[in-house]
Amino acid sequence: MKISSIETLHPFYIPFFVINIAEWGRKKKNLMSLVQWHDPRFLKDGCFTDYHHNSRNGCSYKIEFERILSEELQIFSEHIGSSVFIKDIWAQRYSNKEFMNAHRHGSVGFSAVLYADFDEQEHEPTNFIAPFNNFIDDTTLYFSPNVSEGMILFFPSVMIHYANPNSSTKPRTIFSMNIRTRN
């Protein structure tokens, strides 16, 4: 008598990568000094972002940012087996009740969030929505990674993600990046 068997196949997967930044205290000080945090041009609806300025004019601190994080970018590059470069970079600071609506960064490459000011007891991480629903009950699938300050989270740019309103009086500061590969 032949016994039935089952095999699970996983033909598709969504890779997320986390790197803890070496020498975070020193690198944080250097990274934070790159941004003009008090420039009123970068306040949009009360939230600090230099995204629009950087996308129009280029990011003045991109080369120095890449230099400071060269070790971490090299680790990521080696892990995915392709040379990478930062296409776009910007800083965001969320004060009390500020948030980011669900969005994605295109369909090519990776994006990343570097958690620069992040209190695990007071702040929430970036949240992600799967590009498909639960196969059993058709509910939306969410992913909320366990992150801490000094960590970079890399993810496919196609992933829809958002930041819930900051419920803390402490600012939540991130650097966001779009990363491309060189083939």
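Q: How much space lies in the largest pocket, and what counts as a pocket?
A: On a 1 Å grid over the protein atoms alone, a pocket is an open set of points where a 1.4 Å probe fits, with protein on both sides within 12 Å along at least five of seven lines. Its volume is the space filled by probe spheres set on the points, which are joined across faces, edges and corners. Here the largest pocket holds about 490 Å³. Keep in mind that this is a predicted model: local features need pLDDT of at least 70, side-chain atom pairs count only at pLDDT 80 or more, and totals for chains, interfaces and linings use all residues. Residues are numbered from 1 along each chain as its sequence is written, and side-chain values use heavy atoms, with hydrogens and water left out.

Q: Which residues of the lining lie nearest the centre of the largest pocket?
A: Lining residues have an atom within 4 Å of a point. There are 28 of them, with Thr 49, Gln 92, Tyr 94, Met 100 and His 103 nearest the centre. Strand β11 gives the most, five residues (strands are DSSP E runs of at least two residues, helices H or I runs of at least four, numbered from the N terminus).

Q: Which residues are buried in helix α4?
A: Buried means under 20% relative accessible area and exposed over 50%, with partly exposed in between (1.4 Å probe, protein chains only). In α4 (residues 70-80), the buried ones are Glu 72, Leu 73, Phe 76 and Ser 77. Down the helix axis they fall within an arc of 140 degrees, so they line one face; the arc is taken from the directions from the axis to the C-beta atoms. Glu 78 and His 79, on the other side, are exposed.

Q: How is a pair of aromatic rings described?
A: You give the distance of the centres and the angle of the planes.

Q: What sits over the ring of Trp 37?
A: A charge sits over a ring if NZ of Lys or CZ of Arg is within 6 Å of the ring centre and within 35 degrees of the ring normal. For Trp 37 it's the charged end of Arg 93, 4.0 Å from the ring centre.
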